[in-house]
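Me: I have not seen this structure before. Could you take me through it step by step?
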Amino acid sequence: MSLHKFLKCTSLIIALSLTAGCATRIALKPIAQPKTAWHHNQQQLHHLTRWSFSGVVGGVYHHKPFNANVTWKQTPHDYQLTLSGPLSIGQTTIRGNDKSVYLTDYHGKVYQAKKIDDLMEHWMGWQVPVMGM
């Protein structure tokens, strides 16, 4: 096992061990009129020009599960998307605007394309519909 894989596995085990006791379930109440609530939320969100979020995404690719920490910062003219594994291992940063997008991988190598979806497919080998998000 390479040192890189060993560090990734060790980091994952430590992170899972530390967060296992923090998991909670929140009971959600049903919404009386979901269509009205959805329309109201859409009206509020329509006026946003700057936003950000942080979270975790996960999925399965070729029968192998994966997850990544995600931070997305959006302004009217550009965006920055950061993806990383546990403890920021393998951090990748994507910066772009309506003219071009740049991806900096965990080795510091920079890739460039006109559209983020094309760049993600070229770099990762699979399609991520980022433009639709």
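Predicted model: local features only at pLDDT ≥ 70, side-chain atom pairs only at ≥ 80, totals over all residues.

Me: How many helices and strands does the protein chain have?
Reply: There are 3 helices and 6 strands in the protein chain. Read from the N terminus, the order of elements is α-α-β-β-β-β-β-β-α.

Me: What order do the strands take in the sheet?
Reply: The 6 strands form an open sheet with the order 1-2-3-4-5-6, and the pairing is antiparallel.

Me: Which strands stand at the edges, and why is one side of each left without a neighbour?
Reply: Strand 1 (51-61) and strand 6 (110-113) are at the edges; each has a single partner strand, so one of its sides lacks a neighbour in the sheet. On average, neighbouring strands of this sheet are turned by 20° against each other, direction ignored.

Me: How many bridges join strand 2 and strand 3?
Reply: Strand 2 (residues 64-74) pairs with strand 3 (residues 78-84) over 6 bridges, in the antiparallel sense. Within strand 3, Y79 stands opposite Q74.

Me: Changing topic, what percentage of the residues count as buried?
Reply: Of the 133 residues in the protein chain, 19% count as buried.

Me: And what does the accessible surface come to?
Reply: The protein chain has an accessible surface of about 10800 Å². Carbon and sulfur atoms account for 60% of that surface.

Methods:
Residues numbered from 1 in each chain as written. Heavy atoms only, no water. Helix = DSSP H or I, 4+ residues; strand = E, 2+ residues; numbered from the N terminus. Buried < 20%, exposed > 50% of the residue type's maximum accessible area, 1.4 Å probe, protein only. Areas by Shrake-Rupley, 256 points an atom, 1.4 Å probe, with all protein chains shown as cover. Pairing = 2+ DSSP bridges. Axes fitted to C-alpha atoms, helices over the stretch in contact; angles between N-to-C directions.
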